[in-house]
Each structure stands twice: as C-alpha cells, then as structure tokens.
Amino acid sequence: MKIAPSIICADVTRLGEEIRDLEAAGADLLHFDIMDGMFVPNITFGPFLVEALRDETDLPFLVHLMIQEPDRYIEKFAISGANIISVHAESTQHLHRTLQMIRTFDVFPGVALNPTTPLTFVDYVLEFVDLVSVMGVNPGFAGQAFIPSVLRKIRALRDMIDMRGLDVKIEVDGGMRPDLVPDVVSAGADIVVGGASIFVPGTDYAESIGRLRARQQQAVG
Ligand code: DX5
Ligand code: ZN
C-alpha cells in the first residue's frame with residue numbers, strides 16, 4: 001500500500017519544508033488537489049504551485065484535476081512536473097482523447113470517479129489508464145467522512161482490472177482513516193490518500209503516516 005498525503009491539508013506558509021518532512025516521514029507520493037470552483041465548490045491552486053515545489057523532492061506528484069474541461073491544463077501541469085494526472089470521467093466530453101493527451105507528455109494518465117459514478121464509466125477506459133482514483137467523499141474538501149458504499153465499488157473495480165489482466169492501480173481518495181485501511185486494502189486499493197488523517201494537529205507526520213501503514217497488516221486477501 002502506498003500513502004499519498006493531500007497537499008491542500010499542509011501548512012501552506014511552509015510548503016517546501018512540509019514536503020521535505022512528509023518525504024522523511026515515509027510518504028510514497030504527493031497528491032495535489034486542483035479545484036476550479038466550477039467542477040467542485042472550492043478553489044485551490046494552479047500549475048505554478050506544482051512547479052514551485054517540484055525541486056523540493058523526488059517523490060512522484062499525482063495531480064488530481066477537479067476542474068471542468070481539464071484538456072486546457074494538461075500541458076501546463078505536465079510541464080510543471082506532474083508525474084501522474086488524474087482527470088474526472090465526469091469532467092470531460094472526450095475522455096479517451098484527454099487520457100491520450102496526458103500520455104503524449106510522458107505523464108501517467110488516471111481517471112477519477114465521484115462516489116456515485118458507476119464503474120461503467122471506466123468500462124472502455126481501463127486499457128488507457130495507469131490509475132483509477134475512487135473518490136471516498138464528494139470532491140471539494142478535505143476532512144469529510146468516507147462514504148461506505150464506495151467499498152463495494154473498490155472491490156468491483158479490482159475484480160474488473162484483474163479479470164482483464166491489467167496493471168491499473170487503484171487510489172482511494174477522501175475520508176481515509178486508519179480504521180478503514182484494512183477494508184480498503186482488502187478490497188483491492190493500492191494507494192491511500194491521506195488529508196485529515198495525516199495532517200493531525202500536534203502529531204508528527206511519521207506518527208500519522210505510521211498509523212495508516214500499521215493497519216495494512218490487518219488487510220486480508
Ligand atoms: C477531496 C480531495 C481529497 C481530500 C483528501 O476533494 O480530492 O484528496 O483532500 O483529504 P481527506 O483524507 O481529509 O478526505
Ligand atoms: Zn484528491
């Protein structure tokens with residue numbers, strides 16, 4: 001299981017330091033939530049921040065685009081240093097074209113699904129992605145509660161991927177807490193995003209990341 005801290009939860013007045021601390025604490029990759037105030041009711045930041053932080057670490061940057069018409073910004077995020085770009089299946093008319101565009105920049109393409117979006121949205125997409133981000137919460141904010149029905153979706157997605165013999169990673173994004181790790185890993189998750197569960201006031205990152213990682217042992221299957 002890989003752990004991806006969600007950067008919007010970090011101390012934005014010290015982001016460079018925060019990223020170095022997260023790396024030292026055992027983060028496997030960093031998750032950048034990009035929001036445009038249209039696709040989701042919140043606004044965060046653009047490519048400039050990814051670029052500004054790129055040289056602070058060698059950790060992979062996963063850029064999660066919660067924006068309308070993501071094609072407009074694929075190149076900018078790719079040039080800024082994204083290693084993986086995940087776009088919402090619900091946010092673009094021509095998903096296949098968007099995914100192909102990501103790959104032309106030597107960036108791994110991912111597709112993200114809102115909690116109630118059915119897996120049929122990725123039926124003809126799985127062969128073109130390296131990652132599926134399954135939202136555990138309604139996108140737009142950190143610190144929300146995990147929606148239990150998503151567990152069933154993770155399990156069904158893992159079966160879909162395995163049945164086709166594909167090497168597609170499953171990222172669970174939103175609402176993750178240590179007590180949920182055994183279930184989501186048993187259901188087939190490869191990457192767990194941590195926002196509120198990692199950026200806990202008064203707790204150092206090695207401890208909060210360690211708490212998530214420790215629960216992985218309890219996963220079955
Ligand atoms: C929600 C974002 C998530 C979120 C994770 O729109 O995509 O990455 O910030 O934070 P927690 O783990 O607190 O839900
Ligand atoms: Zn996210």
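**A walk through the model**

Reply: Let me begin with Ser208, which has a relative accessibility of 1% and therefore counts as buried. Please keep in mind throughout that this is a predicted model.

Me: Where is Ser208, and what does it touch?

Reply: Ser208 sits in helix α7, which covers residues 205-214. If residues up to four places away in sequence are not counted, Ser208 touches Ser197, Ile198, Val200 and Thr203.

Me: Let's zoom out. How many helices and strands are there in the protein?

Reply: The protein has 7 helices and 8 strands. Its radius of gyration is 16 Å, close to the 17 Å that the globule rule gives for 221 residues, so the protein is as compact as a globular protein of that length. Taken along the principal axes, the box filled by the C-alpha atoms is roughly 45 × 40 × 30 Å.

Me: And what share of the residues is buried?

Reply: Buried residues account for 54% of the 221 residues. The accessible surface of the protein is about 9900 Å², and 53% of that surface belongs to carbon and sulfur atoms. As for contacts between residues at least 6 apart in sequence, 64% of them join residues at least 24 apart.

Me: Can you give me an example from a strand, say Ile84: buried or exposed?

Reply: Ile84, in strand β4 (residues 84-88), is buried, because its relative accessible area is 12% and the cut-off for buried is under 20%. Leaving aside neighbours within four places in sequence, Ile84 is in contact with Leu29, Phe61, Leu62, Val63, Val107, Phe108 and Leu131. With Leu131, which is 47 residues away along the chain, the C-alpha separation is 8.5 Å.

Me: What about Phe39, where is that one?

Reply: Phe39 is found in the loop between β2 (30-35) and α2, and with a relative accessible area of 16% it is buried. The C-alpha atoms of Phe39 and Gln68 are separated by 5.3 Å, although the two residues are 29 apart along the chain.

Me: Changing topic to charges. How many positive and negative ones are there, and how many salt bridges?

Reply: There are 18 positive and 30 negative charges in the protein, and their mean positions are 5 Å apart. The count of salt bridges comes to 13.

Me: Which residue forms a salt bridge with Arg20?

Reply: That partner is Glu56, and the closest N and O atoms of the pair are 2.2 Å apart. The pair links distant parts of the chain, since Arg20 belongs to helix α1 (residues 15-24) and Glu56 to the loop between α2 (47-54) and β3 (61-66), 36 residues apart. Arg20 is partly exposed at a relative accessible area of 41%, and Glu56 is partly exposed at 29%.

Me: Which residues are linked in a network of salt bridges?

Reply: Asp11, Arg14, Glu17 and Glu18 are linked in such a network.

Me: Last topic, the backbone. What is phi of Glu69 near?

Reply: Phi of Glu69 is near 45 degrees, which is a positive value in a residue other than glycine. Most residues other than glycine have a negative phi. Glu69 lies in the loop between β3 and α3 (74-80), and it is exposed, with a relative accessible area of 52%.

Me: And Asp106: where does it lie, and is it buried or exposed?

Reply: Asp106 is in the loop between α4 (95-104) and β5 (108-113), and its relative accessible area of 74% makes it exposed. Its phi is near 60 degrees, again a positive value in a residue other than glycine.

Conventions: Residues numbered from 1 in each chain as written. Chains lettered and ligands numbered in written order. Predicted model: local features only at pLDDT ≥ 70, side-chain atom pairs only at ≥ 80, totals over all residues. Heavy atoms only, no water. Helix = DSSP H or I, 4+ residues; strand = E, 2+ residues; numbered from the N terminus. Rg over C-alpha atoms; globule rule 2.2 N^0.38 Å. Buried < 20%, exposed > 50% of the residue type's maximum accessible area, 1.4 Å probe, protein only. Contact = heavy atoms within 4.5 Å. Areas by Shrake-Rupley, 256 points an atom, 1.4 Å probe, with all protein chains shown as cover. Lys, Arg positive; Asp, Glu negative; His and termini not counted. Charge placed at Lys NZ, Arg CZ, Asp CG, Glu CD. Salt bridge = Lys/Arg side-chain N within 4 Å of Asp/Glu carboxyl O.
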